[in-house]
Amino acid sequence: MTFAERMLRIDRRIIFLVIGLCTLIPLLYPVGLAIKISPEVRSVYDYIESLPEGSVFLLSLDFDPASKPELYPQAVALLHHAFKKNLRVIGMTLWLPGTGMASEVVTRVARVEGKVNGKDFVFLGWSPGGSSVIINMGQDLYKAFPTDYNNQPTKDLDVLKDVQSLRDVTYVISLAAGSTGIETWYVFGKDKYKFELGGGCTGVIAPGLYPLLRSGQINGLIGGLRGAAEYEVLIGKKGRAVAGMDAQSATHFAIILLVILCNTFYLLIRTPRDKAAPGQH
Amino acid sequence: MSAEPKVLSAERGSMNGGTCHWSLKFHCSGLSTQYSALFVLLLFMPLTVHAETPLAPPQQLQVFDTPNDSGGGLTIVWAPAPHDGPDVRYVVMLGAAPATADTPPTLTGMTVVGDFPSNSHYVRGAKTAWWTQSAPTTFHQFDIKNGKGQRLKDGKPYVVSVSAMKGAESMMAGPLPAVPEPNWFNWNQINNLAIVVIFGLVVLGSIQAAKRREIFLRRIPGLDAVDEAIGRATELGKPILYLTGAGDMSEPSTVAAAVILGRVAKRVAAYETDLLVPHRDPIVMAVCQEITKQSYLEAGKPDVFKEDSNFFITTDQFSYTAAVDGIMLRKKPAANFFMGSYFAESLLLTETGASTGAIQIAGTDSDHQLPFFVTTCDYTLIGEELYAASAYLSREPVQLGTLRGQDIGKACILCALGLGTILATASVLFHLDVSFVLDLVKDLK
Amino acid sequence: MTLLRRQLPLLITFITGILFAAQYYVPHPSSELMLTSVSKWLQIIGGFALILGVTSLFHIHAVKIRRKEPGWGYSFILYISMLGTIVIGLWHGGKETVDGVATAFGWIYSYMMVPLQGTMFAILAFFIASAAYRSFRARSREAAVLLIAAVIVMMGRVPLGEYLIPVSGDISQWILNVLNASVRRAILIGISLGAVALSLKIIFGVERAYLGGGKE
Amino acid sequence: MSFEMIFGAWVAAGLTLFILTFLYQDNPLFKLAEHLYVGVSVGYAIVKTYDTVVIRLIYEPMVTQGDWSLLIPLAIGALMLTRYVPKAAWMSRIAFAFVVGIGSGLAIPRVISSYILKQIEDTVRPLVSLAADGGATFTYDLLNPASNLNAIVLLIGVVSVLFYFFFSIEHTGPGRAVARTGIIFLMIAFGAAFGYTVMARMSLLIGRLTDLIDYAKPQYGWATYWLAALTIATLIALRWRHKETEPPA
């Protein structure tokens with residue numbers, strides 16, 4: 001067996017090791033490769049930048065743990081930005097399985113930024129009904145969420161002062177992993193209660209949301225881990241997503257390199273007999 | 001048409017004996033958003049007819065129940081006017097009809113449900129087919145639908161008015177009454193039904209034809225390999241693994257996978273090789289047990305049939321995958337079949353199978369998973385080939401005829417694509433309206 | 001009796017098939033109601049079917065344990081984890097959280113189901129690489145085309161690729177939006193003809209293999 | 001941090017590592033995680049089925065709202081269980097017939113609507129566009145999916161791939177060329193979809209690894225480190241024992 005043949009039949013566990021290391025090392029020691037900022041992510045950032053202090057910002061974390069890798073870093077970056085701008089932050093979710101995780105991320109980032117629950121931010125939790133929750137919130141926020149996630153009556157909270165319904169919210173962002181999310185917020189919320197709406201989503205559903213962006217139904221879109229990385233760059237707080245993008249670049253190039261290598265070896269050993277052999281189809 | 005629309009045209013006179021053509025002048029500018037309150041106010045203002053302005057009330061106004069819907073909708077159509085343009089607006093108002101028929105409808109309590117520039121909202125823009133349009137395509141059309149805080153009750157009479165507004169000026173037609181009702185047939189979808197009927201006849205016809213004469217079938221490499229794979233498993237004394245996918249019994253691809261299982265099982269029975277069929281859906285499992293049993297019977301080997309060859313693991317996607325991967329690693333089947341519909345688990349299954357050196361044959365209609373099957377399996381039945389497989393394996397006239405029917409269907413679609421493109425291009429080049437043909441192949445709701 | 005055995009299932013398929021095909025064309029709320037209630041019915045029937053599935057699972061592993069087949073200990077673990085989950089789940093009424101506090105059932109979900117599921121899913125990252133290495137070989141023209149398209153799109157998706165070959169982002173967008181869309185469309189059309197033909201045959205009783213009856 | 005969170009982190013990190021050992025080879029740790037996973041998932045499905053089907057779909061509507069029409073699906077479901085009684089086993093076919101019949105009926109018009117008519121509608125496009133002056137023009141911007149050039153490419157793709165799926169005619173002569181074009185289109189699409197998916201799959205691994213990195217923190221008692229050491233030690237021990245017991249080749 002020649003060297004090329006041996007390389008073509010390389011134990012696939014070596015490939016696994018390469019991929020594992022290409023992911024792990026950049027996560028532990030991020031390089032921070034330059035990331036091109038796309039206009040759709042920038043417009044979310046610019047809008048939050050333009051908001052005056054004390055504006056009401058609602059973040060709806062509409063995803064479950066399965067989509068955590070992509071949407072959690074987006075939530076972290078957005079929350080950091082909102083708290084830095086001293087916005088009044090309302091967190092909530094339309095996805096029951098994501099409630100615990102959503103509550104965790106909001107309180108954690110708030111603690112890092114030195115914000116006080118009830119005064120600077122509130123996490124409302126989950127309420128049954130999907131789209132009708134949005135309608136209820138549009139009519140009366142205190143009827144939709146009489147208490148927050150910690151069972152505090154919402155009426156008494158400082159952060160919700162002068163907020164009666166969704167009409168008093170300036171900016172809403174839905175981080176969505178599926179169909180209950182950005183579209184729902186647009187159809188049942190923005191259309192009627194006239195707040196500005198932005199979105200964040202997993203890479204898989206992003207192509208389907210671009211029409212909404214083009215028609216101006218949402219003012220910006222953060223797509224997948226890539227979008228989260230761009231946002232981290234914008235707020236100057238390189239975190240998991242940027243490190244993740246390094247890992248992405250590393251693994252992609254590892255795979256491309258592997259493909260090039262295997263083709264080189266393949267061409268080296270290719271005999272005329274093989275040339276005549278048909279491909280799979 | 002399913003329900004004759006209840007039409008009351010403004011031209012034919014409305015309830016109070018004449019159309020209300022009002023021209024109003026107002027001098028306050030900040031009121032433009034508060035139409036409903038405004039119009040109540042205006043009722044008490046002196047009305048003057050404005051002659052020199054070209055603004056005219058909407059002509060030939062019709063209000064009727066929206067046809068082909070599930071109720072809760074009213075449609076309003078009216079003729080285009082010479083003044084239509086970006087600076088003239090149409091305002092549609094809706095209110096409850098008066099309790100008795102003799103009372104003339106008033107504008108009190110009416111709310112604005114539509115407000116748009118007068119060069120928009122045409123019949124041709126509405127998503128309906130030409131055969132269901134209730135007015136010429138140049139007419140204006142506005143649909144009042146349920147939702148957005150609006151609730152129309154079926155069977156309850158309403159009144160609707162339309163005003164043309166230019167700056168502070170306004171001309172109104174109506175109000176006209178109409179009753180929203182649900183309908184029993186959606187005529188927009190008659191083309192869909194026609195396709196079902198025609199395609200059904202084509203398939204049944206070609207099945208009849210196939211019973212009379214032989215039908216040619218091109219080679220499908222993956223299916224030639226089925227025998228080879230079973231033969232190899234027998235030689236090695238190793239089992240055969242057959243998966244029916246993630247779908248339940250109501251999905252055609254699962255049914256196709258189950259039918260192919262029958263053909264494969266028959267050959268497996270003849271060779272007396274072991275067959276393993278792990279399942280994710282209990283109903284599919286039960287059906288496949290029946291099918292396998294029947295195949296062993298037909299092969300004359302009912303004694304080697306094992307009820308346990310079809311077994312259930314779990315409904316959960318990834319624990320099922322983990323378990324099947326475990327089976328592949330421990331029992332080392334010589335051939336793996338992946339038929340039916342798949343999701344992300346496809347690559348987890350086929351890569352593990354490839355590492356054990358099994359011959360792998362896949363067939364799926366899940367287009368998003370095809371790349372992974374094509375790259376990791378020895379043979380892949382792409383999309384429709386899955387449905388062709390049972391015909392190929394059985395060579396029964398019924399199956400062959402169906403395939404022939406599908407080919408005729410594809411030929412018709414190719415013709416429709418070609419003809420449609422030519423017509424669409426011609427419509428741009430020569431400014432023709434070709435919707436009378438193109439609507440036939442549109443998916444209208 | 002045999003007539004009943006053979007013809008009754010076919011008759012039921014025919015009636016339900018025609019009824020639910022026709023449902024699509026009827027916009028009336030009652031047709032919508034029929035659809036929603038029958039989807040509930042199917043869920044109920046699916047619940048009964050789960051009994052079949054669990055019986056099969058129990059049986060397979062009971063045999064393993066009884067015969068002390070190699071690895072029968074794992075079957076035992078499977079039993080315990082299944083029964084444990086059922087008991088805890090029913091104790092908490094099938095709720096992962098009560099008043100915002102996670103229950104033991106919720107704990108099983110978050111600390112067992114989610115990581116197990118996530119890790120099985122993540123193994124794809126390794127497999128996609130090894131699959132690429134094994135099969136992206138320019139064996140033929142088709143294979144070469146496949147490999148080039150894959151490499152271009154991979155380049156176009158990450159910062160480093162866009163940095164090295166700036167045009168790769170645009171090319172991959174074009175491939176995905178135009179070429180990929182056209183193929184998907186053709187595949188979908190083909191599949192749907194096959195699916196409609198199969199469904200028609202089932203309704204009219206021409207295809208009856210799914211009943212296991214064969215040519216009875 | 002509460003005890004159940006720390007304990008949870010240990011369990012989650014351990015199970016994650018056990019599943020990952022599958023990449024090395026089949027081993028008792030993976031088998032343990034696999035069987036645990038199957039058991040938990042079946043248990044979870046049973047609990048959820050009990051909650052949604054028995055309580056919400058059967059008990060509540062029947063007892064509290066008196067919706068006795070639900071006896072029909074109950075009866076059909078019960079028919080499925082006749083499989084355990086050999087004499088009455090044929091009755092289970094009635095249940096299959098019901099499920100398959102509904103599925104087939106539902107499929108036909110919906111498939112035609114969204115996969116045939118909708119796809120044709122989107123493919124049939126004019127090959128020239130209307131210019132600003134009312135005349136015709138040809139747009140060839142490749143990046144705009146709606147340009148005329150792309151409309152032509154799209155049409156060629158759809159037609160050639162569809163032609164590849166003809167079964168009852170031989171792919172010879174000009175037909176062969178069309179079918180070959182179709183195959184090339186298929187391969188480009190598969191390659192592109194493969195390449196596109198790589199990113200999403202890598203995100204999943206990144207997600208798992210960030211969790212493991214989190215669990216390696218002191219507040220979780222360095223769970224990842226301890227468990228990784230344990231896992232690797234077990235694998236080495238197993239390998240060693242395997243060598244001992246295996247007769248020399």
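## Chain C and its domains

Keep in mind that this is a predicted model. Chain C splits into domain 1 (10-87), domain 2 (92-135) and domain 3 (138-210). Going by C-alpha atoms, the centres of domain 1 of chain C and domain 2 of chain C sit 22 Å apart.

## Where chain C meets chain D

Here 108 residues of chain C touch 110 residues of chain D. Together the two chains bury about 10,200 Å² between them, and carbon and sulfur atoms supply 82% of that area.

How many salt bridges are there between chain C and chain D? The count is one salt bridge, and it joins the side chains of Arg180(D) and Glu142(C), at 3.0 Å from N to O. There are also 11 residue pairs in polar contact across the interface of chain C and chain D, counting pairs with both residues at pLDDT 80 or more.

Several helices of chain C give two or more residues to the side that touches chain D, among them helix 1 (2-23), helix 2 (29-66) and helix 7 (168-203). Helix 7 of chain C gives the most, with 24 residues.

## The cysteines

Is Cys22(A) buried or exposed? With 19% relative accessibility, Cys22(A) counts as buried. Cys201(A) counts as buried too, at 0% relative accessibility.

Conventions:
Residues are numbered from 1 along each chain as its sequence is written. Chains are lettered from A and ligands numbered from 1 in the order in which they are written. This is a predicted model: local features need pLDDT of at least 70, side-chain atom pairs count only at pLDDT 80 or more; totals for chains, interfaces and linings use all residues. Side-chain values use heavy atoms; hydrogens and water are left out. Domain bounds come from an automatic or database domain assignment. Buried means under 20% relative accessible area, exposed over 50%, partly exposed in between (1.4 Å probe, protein chains only). Contact means heavy atoms within 4.5 Å. Buried area is the accessible area (1.4 Å probe) that two parts lose on being put together, summed over both. A salt bridge is a side-chain nitrogen of Lys or Arg within 4 Å of a carboxyl oxygen of Asp or Glu. A polar contact is a pair of N or O atoms within 3.5 Å; within protein, one must be able to donate a hydrogen and the other to accept it, and residues adjacent in sequence count only if both atoms are side-chain atoms. Helices (H or I, at least four residues) and strands (E, at least two) are DSSP runs, numbered from the N terminus.
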